[in-house]
Amino acid sequence: MTRTLSSDVALEIRPTAWPVLCARLRGGRIEAVLAELQQRYGATGFFDQEPLLLDFSQWTGSEPPTALEVDALLRGLKAVGLRPLAYQAARADWQPLLQAQGLLPASDVAQGVAVEPAAAPPPPPAGALAQPARTLVVDRPLRSGQQVYARGGDLVVLAMVNPGAEVIADGHVHVYAPLRGRVIAGARGDAAARIFALIFEPELVSIAGVYQTAERGWPPAVQGRAAQVRLRHEGGRDTLLFEPL
């Protein structure tokens with residue numbers, strides 16, 4: 001088994017116990033967060049107006065933010081279809097700027113009606129069959145600039161994913177052909193999602209926000225071979241594991 005540590009990412013988007021996503025800002029440069037949003041999700045709306053909690057617990061910047069920087073950050077998040085509602089673990093110099101943009105402390109929101117823990121679904125009737133997760137199957141080659149997204153389920157691709165193409169799923173991604181473009185699994189934070197490829201030669205792989213690009217190089221054990229990629233929590237952080245099949 002070959003292991004590589006994930007890149008030092010400036011942004012992690014994860015699910016929470018409430019029906020909101022959490023964006024954990026890391027490092028200390030807002031421009032790095034915006035660049036990562038652009039690289040991962042592009043310039044158009046990727047999310048579907050999901051409410052968002054900003055988590056500053058790993059923000060290490062020492063300089064106080066400006067109103068323009070906070071505005072740019074929120075506009076960048078909104079551009080990919082996120083709806084910032086609240087924040088947590090923000091320093092005192094961040095709080096008035098965030099509140100001026102309409103964000104509330106997470107403790108205040110959690111006590112209100114806007115963010116309540118999701119109710120458990122009712123049990124199915126006796127004898128009812130469980131509803132399987134949705135799977136999108138693509139049987140044509142994907143050219144540069146094309147994007148396929150399996151919202152709420154897995155993605156199966158039966159033809160080549162060419163350089164410049166992008167395949168995305170909220171669950172697993174299976175590519176039974178050469179994978180030479182960008183692949184994103186667990187797009188909404190599912191850390192159990194995996195990537196499977198018959199010929200592993202991608203430009204970028206990402207699972208639940210942890211990503212690596214081809215510039216860093218792929219392990220020899222998986223380069224050009226059948227492989228899977230999954231996450232492992234190790235040493236207090238998530239790592240990408242590259243394993244031959």
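## N162 and its contacts

Setting aside residues up to four places away in sequence, N162 touches P141, L142, R143, R180 and G181, where contact means heavy atoms within 4.5 Å. N162 is found in the loop between β9 (153-157) and β10, and the C-alpha atoms of N162 and P178, which are 16 residues apart in sequence, lie 7.9 Å apart in space. With a relative accessible area of 21%, N162 is partly exposed, given that buried means under 20% relative accessible area, exposed over 50%, and partly exposed in between, for a 1.4 Å probe and protein chains only.

This is a predicted model, in which local features need pLDDT of at least 70 and side-chain atom pairs count only at pLDDT 80 or more, while totals for chains, interfaces and linings use all residues. Residues are numbered from 1 along each chain as its sequence is written, and side-chain values use heavy atoms, with hydrogens and water left out.

## The chain as a whole

The secondary structure of the chain comes to four helices and 17 strands; helices (H or I, at least four residues) and strands (E, at least two) are DSSP runs, numbered from the N terminus. Of the 245 residues in the chain, 47% are buried. Among contacts between residues at least 6 apart in sequence, 48% join residues at least 24 apart.

## Helices α1 and α2

Two packed helices are described by the angle between their axes and the distance between the axes. Helix α1 (residues 30-41) and helix α2 (residues 67-79) pack at an angle of about 15 degrees, with axes 10 Å apart, which makes α1 roughly parallel to α2. Here axes are lines fitted to C-alpha atoms, for helices over the stretch in contact, and angles run from 0 to 180 degrees between N-to-C directions; angles under 35 degrees count as roughly parallel, over 145 as roughly antiparallel, 65 to 115 as roughly perpendicular and the rest as oblique.

Residues I30, V33, L34 and L37 of α1 meet E69, A72, L73, G76 and L77 of α2. Sorted by class, the contact of α1 with α2 has seven nonpolar, one polar and one charged residues, where Ala, Val, Leu, Ile, Met, Phe, Trp, Tyr, Cys and Pro count as nonpolar, Asp, Glu, Lys and Arg as charged, and the others, Gly among them, as polar.

G171 lies in the loop between β10 (166-169) and β11 (173-179), and at 9% relative accessibility G171 counts as buried. Beyond residues up to four places away in sequence, G171 touches G153, D154, A185, G186 and A193. The C-alpha atoms of G171 and D190 are separated by 6.8 Å, although these residues are 19 apart along the chain.

A89 has its place in the loop between β5 (82-88) and α3 (95-100), and its relative accessible area of 48% makes A89 partly exposed. The phi angle of A89 is near 60 degrees, a positive value in a residue other than glycine.

A197 is found in strand β13 (residues 195-200) and, at 4% relative accessibility, counts as buried. Leaving out residues up to four places away in sequence, A197 touches V175, L179, R225, A226 and A227.

E243 is placed in strand β17 (residues 237-244), and at 11% relative accessibility E243 also counts as buried. The side chain of E243 makes a polar contact with the side chain of R230 at 2.8 Å; a polar contact is a pair of N or O atoms within 3.5 Å, of which, within protein, one must be able to donate a hydrogen and the other to accept it, and residues adjacent in sequence count only if both atoms are side-chain atoms.
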